[in-house]
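Welcome! Here is a short briefing on charged side chains and how they pair up. Take a look at the sequence and the model first.

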Amino acid sequence: MDIKRIGIMTGGGDCPGLNPVIRAAVTTAIRVYGWEVLGIEDAFSGMIDLDYRSPHGNQWLTVDTVHDILDRGGTILGTSNKSDPFHYVVERDGEKVETDIFDQVLDNFRKVGLDALISIGGDGSMRIARQAMARGLTRIVGVPKTIDNDLGATDYTFGFDSAVQVATEAIDRLRDTAESHDRVILVEVMGRDAGWIALHAGIAGGAQAILIPEIPYRLAPIADHIRQRRLDGHPYSIVVVAEGAKPGGGEVSTLGPRELGAMRRLFGAAARVAEGLGNLIELDIRFTVLGHVQRGGSPSNFDRILGTRFGEEAVHLLARGDFGKMVALRGTKIVAVPLDEAASQQKLVDPGGQIVRAARSLGIVFGDE
Ligand code: F6P
């Protein structure tokens, strides 16, 4: 069956670069293949309920709708990390329970006459896409996004470069004030399981210590390093802390219990390090949590180009009937990898790898010294 109509959705946390993907995919689908493209609102929410947010929900997109979104952060389609149709949270007898409502999605997909779907998202969205294929929605391709850059099947996800840029700029600003006041300033960045943002921004921003989930830390070596810097005539330091950093033998810092259908919320990683360091060193300590600032704003040039290449290629995969794949960057080439592979491999920082070694060679400490 020929493709005439496709759906496109963004799932999980937003990130800079989603709009360039949407723009490229929609424009290619319409200009090159003459297809119609439905923008599905808030991930699967718009397919679970076709009237979701109507009349501002699902929209048929045109080249005109997307022509000027290249430099816009966020996603014009909206996104959600609470619309997994296989674990959808509903209220039953006054209690919240997870339920499988995927059949409803399939019905709605057919009702609208969609022939295929482009799902833009992180590892969670790729897992959902794989499950959807197994349940009959067979014509899917995935496009990987996340500021965390932790998807194993691609060298880079878009969003990461923009987030690193934001974090680096923040470090530069914080260094000015840390130096003026002879303070230790901790900068908490995102990075739930992977310390890529902390590592890259820490190196690019010239930080003195970087704490990442992959290298459990002790406070003593960090305090020693800060004290030594003071003796060497540098009475200020910048410590970058990934939100998922944890002390050796300890756990990540979280806020409250995990909500049904949601990820555990990480909270307080830098505050905990600040408190601990405060007991070990005399210097004034402050911390700044960058949080969702890293997820917003105009995408960097790199993310605009990567997003554009991903979006364009995703459409060609559908046209070729190469379903069940995710576009990925390998070296400088855009390739297609099976969704199975995409959903299962997480890419973490290798504590013995070259980039960590380079940081150590420059005198940056990780807290495991
Ligand atoms: O996965 C990307 C990410 O930015 C993580 O680094 C962070 O822990 C999470 O999303 C935050 O999600 P939310 O927007 O639900 O707070």
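Does Asp284 count as buried, partly exposed or exposed? Asp284 counts as partly exposed, at 37% relative accessibility; buried means under 20% relative accessible area, exposed over 50%, and partly exposed in between (1.4 Å probe, protein chains only).

This is a predicted model, in which local features need pLDDT of at least 70 and side-chain atom pairs count only at pLDDT 80 or more, while totals for chains, interfaces and linings use all residues. Residues are numbered from 1 along each chain as its sequence is written, and side-chain values use heavy atoms, leaving out hydrogens and water.

**Salt bridges overall**
- Side chains of opposite charge can pair when their charged atoms come close.
- The structure holds 19 salt bridges, each a side-chain nitrogen of Lys or Arg within 4 Å of a carboxyl oxygen of Asp or Glu.

**Arg183 and Asp284**
- Arg183 forms a salt bridge with Asp284, with 3.2 Å between the closest N and O atoms.
- Arg183 lies in strand E8 (residues 183-189) and Asp284 in strand E11 (residues 284-289), so this pair ties together parts 101 residues apart in sequence.
- Strands (E, at least two residues) are DSSP runs, numbered from the N terminus.
- Arg183 is buried, its relative accessible area being 16%.

- Asp322 and Lys325 meet in a salt bridge at 2.7 Å, N to O, and Asp322 is partly exposed at 22%.
- Glu369 and Arg360 form a salt bridge at 3.1 Å, N to O.
- Glu369 is partly exposed at 40%, and Arg360 is partly exposed at 30%.

Methods. Helix = DSSP H or I, 4+ residues; strand = E, 2+ residues; numbered from the N terminus.
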